[in-house]
Structures are given as C-alpha cells and as structure tokens.
Amino acid sequence: MPELPEVETVRRGVDEAFRGGLIRAAEVYNPRTVRRHVTGIDDFQLSLKGLQVTGSGRRGKFMWLTLAEPVDGSQASPQGGRALVCHLGMSGQLHVVTDGREAHKHLRGRLRFADERELWFIDQRTFGYWDLAELEDAVPKTMAHIAPDVFEAQFDATLAAERLLRRTIEVKKALLDQTWISGVGNIYADEALWRARLRGRRSGDSLSKRKALELLGHVKDVLTESLAVGGTSFDELYVDARGEAGYFARELAVYGRAGQPCKRCGTAIKREVIGDRSAHYCPKCQR
DNA sequence: CAGAGCCCCTGGCGGC
DNA sequence: TGCCGCCAGGGGCTCT
C-alpha cells in the first residue's frame with residue numbers, strides 16, 4: 001500500500017505527536033511483526049522500555065523513530081544511536097491514539113507513552129514490521145541495501161539514469177527495485193511512466209539518457225504532488241497517523257483506471273501484468 | 001552482480 | 001451457503 005508520499009505523511013504525523021515522548025512500555029502481539037529482530041519479541045519489548053523518542057527519519061518507504069536514554073545532557077548524536085525502524089508493508093498503519101479506544105482487530109504492536117498516549121501499529125496482512133537498528137550516518141545500518149530516494153541530498157539523478165540504462169529488465173520493474181532508487185511503488189511507477197509517455201514494458205537499456213532523466217524528473221514530480229495532498233487513499237487501508245485519508249487518488253492518470261479514457265488522448269487505459277504486478281498504461285500515447 | 005522465481009499474509013470480490 | 005480463483009500501495013531469500 002504505502003509508497004513514499006504515504007509513508008512521509010505518516011512519519012510527519014508520528015513525529016509531531018511523539019517527538020520528545022517517553023516510552024513507558026512496548027507491546028508486540030504478533031511475532032511476525034518483529035521477525036527481523038533476531039533476539040526475539042521479549043528482547044524487543046524490553047529494549048524500548050524507558051527510551052525517549054528524539055526525532056524521526058525516512059528513506060524511501062522505510063521510516064524510523066530515533067531513540068535515546070532520557071538522561072540530561074547525554075542525548076545521542078543525530079548521526080548515531082538507535083532507531084525503531086518501521087516498514088508499513090502493504091497494509092500497515094501507525095495511529096496516534098489518545099482516547100482509550102478498543103483494540104483494533106489487526107493491532108500488531110503498540111508503544112505506551114508516559115503521558116498515557118499510545119502509538120498503534122495496525123497491519124492486516126503483516127507484511128510490515130518493526131525492528132531496532134543502530135544508526136550510521138543518520139540511517140539504520142539494516143537499510144544499507146536501500147538506495148536514497150529522490151528527495152535526499154545523496155540522490156544523484158545522473159548516476160541513477162546511467163544505472164537504469166544498464167538494466168535489461170522492464171522499466172516498470174526497475175522502478176520498483178529499491179536498490180537504485182527508493183520510494184517508488186506500483187502506483188507512482190505507473191503514473192511516472194504515463195507522464196513520461198513510456199511503456200513500462202520497455203527495457204531499461206532501450207531508453208536514451210535524456211528519456212531516463214526525464215522519467216526520473218516525473219517520478220520526483222508525482223511524489224511531490226501526492227505528498228502535498230497527503231498521499232493516495234483508495235479505502236481504509238491507507239490513512240495517516242490521525243486517521244485521515246489522502247486526496248491524490250483523484251489525480252491519478254492511469255493507476256486503477258483500466259477501461260477509462262486517457263486524460264491526454266481519450267484512448268481506453270489498459271491493464272497488463274509486469275513482474276507479477278498490475279501495470280496500467282495508455283496504449284496510444286505511451287511508447 | 002543482475003535477474004528470475006519463489007515465499008511470506010489477510011481479506012474482499014465475483015463466478016459457479 | 002460454500003468453494004475457488006483472482007486481486008491488493010510491500011520486500012526478502014535463494015539460486016543461476
């Protein structure tokens with residue numbers, strides 16, 4: 001479900017609510033939720049108890065809360081220290097809970113804060129997870145294989161374009177590969193390809209460098225525009241940390257619009273399968 | 001190293 | 001009512 005704009009929207013809401021907050025207890029109800037944490041569920045819960053949230057970060061679709069011991073004058077440096085990494089998977093949500101509501105059916109874990117507020121991790125399909133990681137250069141060590149996203153200073157569009165040009169797989173599939181550019185998922189890959197008038201079936205090495213750069217520009221544009229309106233919500237499976245939907249669904253040109261007219265030329269949008277994921281495109285104006 | 005194929009889950013929906 | 005297959009914003013692991 002959530003791609004970069006949705007994850008960033010959630011991160012902002014969680015940061016605003018819990019920056020500076022003291023974790024009184026951490027509870028995990030489904031062992032799968034901490035499957036990346038090799039020392040187990042009990043260790044995970046104990047490790048978080050008593051820590052303070054000092055801030056948050058994000059790379060692509062991964063977000064994290066930075067943590068420190070709540071001791072005067074010895075706050076962890078923003079470049080080092082520990083973090084609670086959260087990946088939302090296909091159906092994960094983080095909710096700021098202040099009203100003592102009844103537990104949700106898919107509540108997988110929660111942080112109880114000293115002020116009685118709670119952070120809930122709700123995840124129907126359990127592809128999401130929580131993990132603890134050491135930070136290195138302000139990024140969790142466990143994310144060394146995830147490339148910078150288009151909003152990071154380290155992102156080099158020229159380098160990324162050159163890498164895309166060396167790939168023999170379909171461009172659509174390449175956009176979903178988080179190891180050279182992160183944050184793009186199935187929705188925004190289709191949208192960026194439509195904007196660039198490119199068929200997702202084209203192989204990376206069939207593009208000109210100019211076209212590759214243009215595509216990356218469209219990726220950044222569509223992510224920016226979606227973030228500005230809180231992301232894309234189709235149903236209750238994506239809402240922000242306060243339970244609010246995003247408004248980008250109405251701006252989508254191709255994703256989920258099979259059979260409907262192309263917003264540029266009126267031709268019916270088609271759906272195909274690329275790399276076991278659905279892909280939506282205009283058969284006339286995407287080549 | 002890039003790429004392909006498989007696995008991991010919980011539902012909603014339409015067809016029979 | 002059931003059963004069955006398909007579909008859904010994710011990524012990891014293993015083998016070639």
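How many bridges join E6 to strand E7 (residues 118–123)? The answer is in point 4, after the overall layout.

1. Basis. This is a predicted model, in which local features need pLDDT of at least 70, side-chain atom pairs count only at pLDDT 80 or more, and totals for chains, interfaces and linings use all residues. Residues are numbered from 1 along each chain as its sequence is written, while chains are lettered from A and ligands numbered from 1 in the order in which they are written.

2. Domains. Chain A is assigned domain 1 (4–143) and domain 2 (157–281). Such bounds come from an automatic or database domain assignment. The C-alpha centres of domain 1 and domain 2 are 28 Å apart. Across the boundary, 18 residues of domain 1 are in contact with 18 residues of domain 2. Contact means that the C-beta atoms of two residues, placed from the backbone, lie within 7 Å. On the domain 1 side, helix H1 (4–18) and strand E5 (92–97) are the elements that give two or more residues. H1 gives the most, with nine residues. That side has seven nonpolar, seven polar and four charged residues. Here Ala, Val, Leu, Ile, Met, Phe, Trp, Tyr, Cys and Pro count as nonpolar, Asp, Glu, Lys and Arg as charged, and the others, Gly among them, as polar. Helices (H or I, at least four residues) and strands (E, at least two) are DSSP runs, numbered from the N terminus.

3. Core. The largest nonpolar core has 73 residues, of which Leu84, Ala192 and Val219 touch the most other members. Both domain 1 (4–143) and domain 2 (157–281) give residues to this core, so it lies between them. A nonpolar core is a set of buried Ala, Val, Leu, Ile, Met, Phe, Trp, Tyr and Cys residues joined through C-beta atoms within 7 Å. Buried means that 20 or more other C-beta atoms lie within 10 Å of a residue's own; exposed means 12 or fewer, and partly exposed is in between, with C-beta atoms placed from the backbone. Beyond its neighbours within four places in sequence, Leu84 is in contact with Leu48, Trp64, Leu65, Leu67, Trp130 and Leu132.

4. Strands E6 and E7. Five bridges join E6 to E7, and the two run antiparallel. Strands count as paired if DSSP finds at least two bridges between them. Gly109 stands opposite Phe121 in E7. The two strands form a hairpin with four residues between them, and Glu116 in the turn has a positive phi of about 80°. Strand E6 (residues 107–113) is mostly covered, with five of its seven residues buried. E6 also pairs with strand E1 (residues 23–28), antiparallel and over five bridges. There, Ala26 stands opposite Leu111 in E6.

5. More on E7. Six of the six residues of E7 are buried. Glu118, Trp120 and Ile122 point one way, Leu119, Phe121 and Asp123 the other way. In a regular strand the side chains alternate between the two faces of the sheet. E7 pairs with E5 too, in the antiparallel sense over six bridges. In that pairing, Val97 has Glu118 of E7 as its bridge partner.

6. A five-strand sheet. This open sheet has the order E2-E3-E4-E8-E9, with antiparallel pairing. Strand E2 (52–59) and strand E9 (139–140) stand at the edges, each with a single partner strand, so one side of each is left without a neighbour in the sheet. Strand E3 (residues 62–68) and strand E4 (residues 82–87) pair over six bridges. Trp64 stands opposite Val85 in E4.

7. Helix H5. Nine of the 10 residues of helix H5 (residues 186–195) are buried, so it is largely enclosed by the rest of the structure. The buried residues include Asn186, Asp190 and Trp194. Their cover includes helix H4 (171–175), helix H6 (209–228) and strand E11 (277–281). Just after H5, Arg197 takes a positive phi of about 60°.

8. DNA. Around DNA strand B are Arg32, Gln124, Arg125, Thr126, Phe127, Arg167, Thr168 and Ile169. A residue is near the strand if its C-beta atom, placed from the backbone, lies within 6 Å of it. This surface divides into two nonpolar, three polar and three charged residues.
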